[in-house]
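Here is a short report on how two parts of a chain meet. Look at the model first, then read on.

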Amino acid sequence: MPYDIFHLLAEAQSRLDEGFAHLPPAPAPPLDEIASAILNQVASRLQDNYPYAHPLYAGQMLKPPHPIARAAYALAMSVNPNNHALDGGRASSAMEIEAVAALAKMFHWPKHLGHLSSGGTFANLEALWVAGQLAPGKAIAASDQAHYTHNRISSVLGLPFFAIPSDDRGRIDLHALERLLETQNIGTVVVTLGTTAIGSVDPLDQVLVLQKKFNFRIHVDAAYGGYFTLASNLSPETRAAFDAITHADSIVIDPHKHGLQPYGCGSILFRDPAVGRFYKHDSPYTYFSSKDLHLGEISLECSRAGASAVALWATQQLLPYIPGGVFAQGLEASHTAALELHRRLTESPHFLTPSSPPQLDIVFWAVNAHTPKASSALAQSIFDEAAKNDLHLALAKLPVRFFSHNTWQDTPKNDAANKVTCLRSVLMKPEHLLWLEHLWQRLQAAAVRQVGSIPR
């Protein structure tokens, strides 16, 4: 018999309270009519949001946490554990170690060093910090479509950074990468599996070939796309990139994206546990209650929410990371939805699509117009019009070279300054496949109202 989240939470809370029933009663802060009024005010204020959890929200990378994650997080908050030290989060620290091991197992790493983080930015910071310890002064390189934080993180760490051009599909250009590696100045190459803008997947398997020749470190930023390693319906070239993850030196993956977790829940994994030596520090006032590993001893962050580990662990018990399982099927549904939307857009006279289908679940397209400037203006109009009908998309300013060479014949494709504002949709909810017809009808209606029935 199905239960609602509040029933399950109340039942679990009673069980948790039993563990502390032997203690003398301690007064809790009172909640009265004033508190009720404040909470209702909070609820009213929170209505000023887009409907992120609804399938008609298909804009940014916002995926609702699974109900069991919400309940487990709320349950843990009655203890409010801090996973920096075992003193502050004994049970939740053990759950974090198990949850991180489940992440590592996806990438076939039986041995690893890793922990959860507040998000992908801090996780990437730790990966590049370790890289800098191993190759002091050597540069970090990443695609120009990689997340902008890699450049900023390199600056924070005092390491040189090089942006490598991407190809016409938004992937790292291997020829440009090889020319840069020939300088022998690159210590680490960031390989992105699922770029933020268009979900492109760098060819990790081919970067590994270059690694054998030039001996550099490979960090995989799979904050967005990492979970797709479980999907069975990826293209052969995308599959090859994901299959190569096991040979990377470090990985970042964000459970608060496709992992159905509340914000913030990122993670960093290292293939070689020996890098833990760089974290070693002394804190006699913190790590005194146990000789077991305290997670703060392998993390740059100090206080971290133990509730994040509890929520992730609970979700993994319900939806284990196994190929063909319910969790994997949700990823496959998102990819299928993206492919179907791309097909419909390609056949529509109103829109222009890139020549290659989406590698994951992010779709982007331009509006059919004579110039990139006119197309950009129409994209903004359709974006606004769709929102009036409760279809929430996103916009992205992208290079015109992502489209075929005859799309805008008077606009040079090799000029990086030539960009077009595109409509963009992140179909990361499994329900998006079932709701695709609803999304499509609203998009078509918005296009007809703004563009008209005759393409420009």
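Contact, meaning heavy atoms within 4.5 Å, links 33 residues of domain 1 to 20 residues of domain 2. The model is predicted: local features need pLDDT of at least 70, side-chain atom pairs count only at pLDDT 80 or more, and totals for chains, interfaces and linings use all residues. Residues are numbered from 1 along each chain as its sequence is written, and side-chain values use heavy atoms, without hydrogens and water.

Domain bounds come from an automatic or database domain assignment. The table gives the interface values.

| Item | Value |
|---|---|
| Domain 1 and domain 2, distance between C-alpha centres | 28 Å |
| Domain 1 and domain 2, buried area (accessible area lost by both together, 1.4 Å probe) | about 2,200 Å² |

Carbon and sulfur atoms give 58% of that buried area.

The interface holds two salt bridges (a side-chain nitrogen of Lys or Arg within 4 Å of a carboxyl oxygen of Asp or Glu). Arg-401 forms a salt bridge with Asp-144, with the closest N and O atoms 3.8 Å apart.

Now the cores. A nonpolar core is a set of buried (under 20% relative accessible area, 1.4 Å probe, protein chains only) Ala, Val, Leu, Ile, Met, Phe, Trp, Tyr and Cys residues joined through side-chain atoms within 4.5 Å. The largest has 54 residues; Leu-103, Leu-177 and Tyr-227 are among those that touch the most other members. Domain 1 (77–278 + 293–318) and domain 2 (326–451) each supply at least three of its residues. Another core, of 26 residues, lies apart and includes Phe-351 and Trp-440.

Conventions:
Buried means under 20% relative accessible area, exposed over 50%, partly exposed in between (1.4 Å probe, protein chains only). Buried area is the accessible area (1.4 Å probe) that two parts lose on being put together, summed over both.
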